[in-house]
Amino acid sequence: MTTTKSARELAEAYFTAWEAGDFETLRGVLAEDVDFAGTLGTASGVEEALAGLKGLGQVLEKIDVKVRVADGDEAITWFDLHTSVAPPTPTANWMHIRDGKVARIRVTFDPRGLLAGFERQN
């Protein structure tokens, strides 16, 4: 018997795995054709999405979830993104679930702090 996770459970698994740097678990949450669009870029497919998450994961320190709202196949997570290069960044992440996997992700935040932090690193 298999149990399909809810949108809320998948969103929680996504953020827990990303924060832990557990990209194998993260791969299992994402659809092969996941479509990502965010403030710092876009990704088509699981490999591109994982590459982007790994890239930001290099400076990721903590994901401080403030609230998660789920309705059917949709989940929105509001969180502070803590990195080693910028002050905490308030972030909104919307996910659409299809066939028990995260199929679409949209992320928005003010990128100025992160961009300045990345610039200082170079």
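Six salt bridges are found in this structure. By salt bridge I mean a side-chain nitrogen of Lys or Arg within 4 Å of a carboxyl oxygen of Asp or Glu.

Some ground rules. This is a predicted model, where local features need pLDDT of at least 70, side-chain atom pairs count only at pLDDT 80 or more, and totals for chains, interfaces and linings use all residues. Residues are numbered from 1 along each chain as its sequence is written, and side-chain values use heavy atoms, with hydrogens and water left out.

Take aspartate 33 and arginine 98. Their side chains form a salt bridge, 2.5 Å from N to O. Aspartate 33 sits in strand S1 (residues 30-38) and arginine 98 in strand S5 (residues 89-98), so this pair ties together parts 65 residues apart in sequence. Strands here are DSSP runs of E, at least two residues, numbered from the N terminus.

How open are these residues? Buried means under 20% relative accessible area, exposed means over 50%, and partly exposed is in between, with a 1.4 Å probe and protein chains only. Aspartate 33 is partly exposed at 46%. Arginine 98 is partly exposed too, at 35%.

Next, aspartate 80 and lysine 66. Their closest N and O atoms are 3.7 Å apart. Aspartate 80 lies in strand S4 (residues 74-83) and lysine 66 in strand S3 (residues 60-71), so the pair links parts 14 residues apart in sequence. Aspartate 80 is buried, at 16%. Lysine 66 is partly exposed, at 46%.

Now aspartate 110 and arginine 112. Their salt bridge has its closest N and O atoms 2.4 Å apart. Aspartate 110 is partly exposed at 37%, while arginine 112 is exposed at 63%.

Last, a network. Salt bridges with shared partners join Asp64, Lys66 and Asp80.

Technical notes: Helix = DSSP H or I, 4+ residues; strand = E, 2+ residues; numbered from the N terminus.
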